[in-house]
Amino acid sequence: MNNEALKRFMCDGCGFLYDEALGLPEHGIAPGTRWADIPDTWVCPDCGTPKHRFEMVEMPYAAGHPPRILLLDSF
Amino acid sequence: MNTNFVMRASERGYNKFLSTGESSSYIGGHPEAIVTRHSSFNFGPYQTGRAPFGRMRVFGDETFSGPGCGYNIHRHHNFIICAFVLQGQLTHVNTVGNIDQLAPGDFYAFSAGSGGKHCELNLKDEDMHAIYVWIVPDQLMLPPSYVRGHFDALSNRNKLVTLVGNADGALRISQDVKISRLVSDTSMALDYSPASKLHGVYAFVLEGEVGLDGTGLGRRDSTGIWGAEQIHFTTGPQETDLLIVETAA
């Protein structure tokens, strides 16, 4: 198992957020899916920006987010 | 590693978007509307230039030509998008609930936060010219918000005014970034002190001439400076318009 902390990536084109903890179930990406395991051909579902133009972000969520807290490390 | 630089106007990225063909769904106006964008930093289709500066991701010098020209409504998250109108009239519509019309001197900060859409249009014959600045927030998924202000160049002549950031009368945003503007009509010295040596200063000459330690900056030239306790600008003698973005690293 990959024990590295789960990371977040933001689209440089529109600000869309990919959070490894949450995945994107509505786009077929399961919670816990690592960024590295998403194909390089994947693009931002909102604006079409290619995957390599996302940047890793370390800022915290605002109060009340994310809407679903998934503690994957406890699975 | 953040290094200092001088960027001449011609060294910026240039993109031209037509309201026909492949960008027709994104660019409003028809049939001869054109958006032009000079980018100081890598953004969108321009990726062969300089990396973004501190918390700022985009510094776009943009013109919307032709009635109805601009960006059709589209979605954002997280970014704080600021526009400073220099010429013409900008119509801004957002899903926070605003339909706003901005004239020269007007500016706004739209924080997309947990999700918001916006539309940027020039509904007039005259070109609309604005500076767009995008900033990453200090928290993800903030409640979306929109605030707007006005810079009165006449009553603030020869005085540096903070437009965005933590200052009286400025638009507050959720990030350690301060945006200021100076319009001068005389030769003057401006000693600018960043909040700390860890802050960077990006200064962009909208009009006129600015001197900086023996280096002359002309119209649309800019400079990025890190680690300075104080920066000594000189302006004039002709009318000068300077926009300064100070950001945490």
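Let's start with one pair: Asp19(A) and Arg8(A) join their side chains in a salt bridge, N to O at 3.4 Å. By salt bridge I mean a side-chain nitrogen of Lys or Arg within 4 Å of a carboxyl oxygen of Asp or Glu. This pair links distant parts of the chain, 11 residues apart. Asp19(A) sits in strand E2 (residues 17-19) of chain A, and Arg8(A) in strand E1 (residues 8-11) of chain A. Strands (E, at least two residues) and helices (H or I, at least four) are DSSP runs, numbered from the N terminus.

Arg8(A) is partly exposed, at 24% relative accessible area. The cut-offs: buried is under 20% relative accessible area, exposed is over 50%, partly exposed is in between, with a 1.4 Å probe and protein chains only.

A word on the source. This is a predicted model, where local features need pLDDT of at least 70 and side-chain atom pairs count only at pLDDT 80 or more, while totals for chains, interfaces and linings use all residues. Residues are numbered from 1 along each chain as its sequence is written, chains are lettered from A and ligands numbered from 1 in the order in which they are written, and side-chain values use heavy atoms, leaving out hydrogens and water.

Now chain A as a whole. It has 0 helices and 3 strands. From the N terminus on, the order is β-β-β. Of its 75 residues, 41% are buried. Take the contacts in chain A (heavy atoms within 4.5 Å) with a separation of 6 or more: 50% come from residues 24 or more positions apart.

On to chain B. Arg181(B) and Asp241(B) form a salt bridge at 2.8 Å, N to O. Here the partners are 60 residues apart, with Arg181(B) in strand E15 (residues 177-184) and Asp241(B) in strand E22 (residues 240-248) of chain B. Both Arg181(B) and Asp241(B) are buried.

Next, Glu207(B) and Arg220(B). Their closest N and O atoms are 3.2 Å apart, again a salt bridge. Glu207(B) lies in strand E17 (residues 199-207) of chain B, and Arg220(B) in the loop between strand E19 (215-217) and strand E20 (222-226), so the pair ties together parts 13 residues apart in sequence. Glu207(B) is partly exposed, at 33%. Arg220(B) is buried, at 5%.

Over all chains, the structure holds 18 salt bridges.
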